[in-house]
Amino acid sequence: PWSRRRPSDPRKMFRKVLLAAGIAYASAFSATPALSSIRVKSVACGATMGADGVSRREILAGAVTAAVTILPFAASAEIEYAGVPFLGGSDIIDVNNANVRAYTKFPGMYPTIAGLIAKNGPFSDFKAVQAIEGLTPAMQGVLAKYEKNLVMLPPVPEYVEDIFNNGLYR
């Protein structure tokens, strides 16, 4: 079934794309095209291509060249953010990127202190967190209790965008 399929290995996918590109490129220059079942259905289309002086080989070669040029950039995309464990999946929370709901693990932090942290960030160190305007002495005591559980990683736009509302509802 479709639901049980595993995601394919990027290296295998890259090999398949290169193989397909190679076959397409080679067929553009062969006397008997590998894709002989593809024919021009419209005389107007064939006339237009002939009038422009552009052959199917040139079009296909350009498309393959573009695909092979772009492919390495797509393969080097960042797959996963290294700070994911600090977004609520561990006992340590990144105050600059974690959603306010991540603070529910720590009694007394959610929603008031978590909201103040999210509203006033980003922070470079714990002293900056303690200096948030509006924190009462009791809130500062709660913050001090969890100081070892808070880290300040550089803000990442993809996570800062969802710092108040991550779209998860119960």
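Predicted model: local features only at pLDDT ≥ 70, side-chain atom pairs only at ≥ 80, totals over all residues.
## The largest nonpolar core

The largest nonpolar core of the model contains 23 residues. Within this core, the residues with the most contacts are Tyr-103, Met-109, Ile-117, Val-129, Leu-143 and Leu-150. Helices α4, α5 and α6 each provide at least two of the core residues. The largest share, five residues, is supplied by α4.

Leu-150 illustrates how the core brings together separate parts of the sequence. When neighbours within four places in sequence are set aside, Leu-150 is in contact with Ile-93, Val-95, Tyr-103, Met-109, Phe-126 and Leu-143. Among these partners, Tyr-103, Met-109 and Leu-143 are also listed with the residues that have the most contacts inside the core.

## Helix α4 and its cover

Helix α4 spans residues 112-120. Its buried residues include Ile-113, Ala-114, Leu-116, Ile-117 and Ala-118. The cover over the buried residues of α4 includes α5, at residues 126-130, and α6, at residues 137-145.

An α-helix has 3.6 residues a turn, so residues three or four places apart point the same way.

## A buried asparagine in a loop

Asn-99 belongs to the loop between β1, at residues 93-94, and α4. Asn-99 counts as buried because its relative accessible area is 9%, and the cut-off for a buried residue is under 20%.

The side chain of Asn-99 has a polar atom that lies 2.9 Å from the backbone nitrogen of Arg-101. Asn-99 and Gly-88 are separated by eleven residues in sequence, and their C-alpha atoms are 7.8 Å apart in space.

## A nonpolar patch on the surface

Phe-14, Leu-18 and Val-68 form a nonpolar patch on the surface. Together, these three residues have about 230 Å² of accessible area.

Leu-18 is classed as partly exposed because its relative accessible area is 37%, a value in between the limits for buried, under 20%, and exposed, over 50%.

Terms used: Residues numbered from 1 in each chain as written. Heavy atoms only, no water. Patch = residues over 30% accessible without salt bridge, like charges linked within 9 Å, V, L, I, M, F, W, Y side chains within 5 Å. Areas by Shrake-Rupley, 256 points an atom, 1.4 Å probe, with all protein chains shown as cover. Salt bridge = Lys/Arg side-chain N within 4 Å of Asp/Glu carboxyl O. Buried < 20%, exposed > 50% of the residue type's maximum accessible area, 1.4 Å probe, protein only. Helix = DSSP H or I, 4+ residues; strand = E, 2+ residues; numbered from the N terminus. Contact = heavy atoms within 4.5 Å. Polar contact = N/O pair within 3.5 Å; in protein donor to acceptor, adjacent residues only side chain to side chain. Core = buried A, V, L, I, M, F, W, Y, C linked by side-chain atoms within 4.5 Å.
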